[in-house]
Amino acid sequence: MPAQRKYPPELIERGVRMVRELRQDDPGRSGVVRRVGEMIGVHPEVLRHWVRKADAKAGERLSSTNVDAAQLRRLEQENAELRRVNGILKAAAILFAVELEEGKGASITY
């Protein structure tokens, strides 16, 4: 078994900070951990572990599935509300059209 490699705390902090900054600048971009790991000379999985550990320690870690699920629920609720409002507007349009037709007929007939 190979000996564990110790990294200085400054390198760990720098790597975590770089990953966080790059993710903040472009959240949809993939491969951030790999690129930062290559730049500082650390295996990407080691760096990924550091980032997860720092996020958990700071209490910032929300899994993307939780965020996605919450956003999906919000969008589904918004969609249901829009469908309800759309149904009300359609019913009102039909009601007004019927009233207009009745008004035309009433003014023509004496």
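**Entry 1: one valine**

Is Val51 buried or exposed? I looked this up in a predicted model, and I started with the helix. Val51 sits in helix α3. Its relative accessible area is 3%. Buried means under 20%, so Val51 counts as buried.

Next I asked which residues Val51 is in contact with, leaving aside neighbours within four places in sequence. I found Val16, Val19 and Arg23. I also checked a distance to Met18, which is 33 residues apart from Val51 along the chain. The C-alpha atoms of these two are separated by 9.9 Å.

**Entry 2: the helix around it**

I then turned to α3 as a whole. It has 15 residues, and at 1.5 Å a residue they should span 21 Å. The end C-alpha atoms of α3 are 21 Å apart, which agrees.

Which residues of α3 are buried? My list reads Leu47, Trp50, Val51 and Asp55. They cover an arc of only 130° around the axis, so they lie on the same side of α3. A reminder for myself: an α-helix has 3.6 residues a turn, so residues three or four places apart point the same way.

On the other side of α3, I found Lys53, Ala56 and Lys57 exposed. What do the buried residues of α3 pack against? They pack against α1 and α2.

**Entry 3: the core**

Now for the largest nonpolar core. I counted 12 residues in it, and Val51 is one of them, along with others including Leu11, Ile40 and Trp50. Which helices each supply at least two residues of this core? They are α1 (9-25), α2 (32-40) and α3 (44-58).

Not counting residues up to four places away in sequence, Val36 touches Gly15, Met18, Val19, Leu22 and Leu47.

**Entry 4: two rings**

How many aromatic pairs does a search of the whole structure find? It finds one. The pair is Tyr7 with Trp50, and it is edge-to-face. I noted 5.1 Å centre to centre and 80° between the planes. Edge-to-face calls for planes over 60 degrees apart.

Where are the two partners? Tyr7 is in the segment before α1 and Trp50 is in helix α3, 43 residues apart, so the pair links distant parts of the chain. Last, I checked how buried Trp50 is: its relative accessible area is 11%, so Trp50 is buried.

How values were computed:
Residues numbered from 1 in each chain as written. Predicted model: local features only at pLDDT ≥ 70, side-chain atom pairs only at ≥ 80, totals over all residues. Heavy atoms only, no water. Core = buried A, V, L, I, M, F, W, Y, C linked by side-chain atoms within 4.5 Å. Buried < 20%, exposed > 50% of the residue type's maximum accessible area, 1.4 Å probe, protein only. Helix = DSSP H or I, 4+ residues; strand = E, 2+ residues; numbered from the N terminus. Contact = heavy atoms within 4.5 Å. Expected span 1.5 Å × (residues − 1). Arc of directions from axis to C-beta. Phe/Tyr/Trp six-rings, centres within 6.5 Å; stacked < 30°, edge-to-face > 60°.
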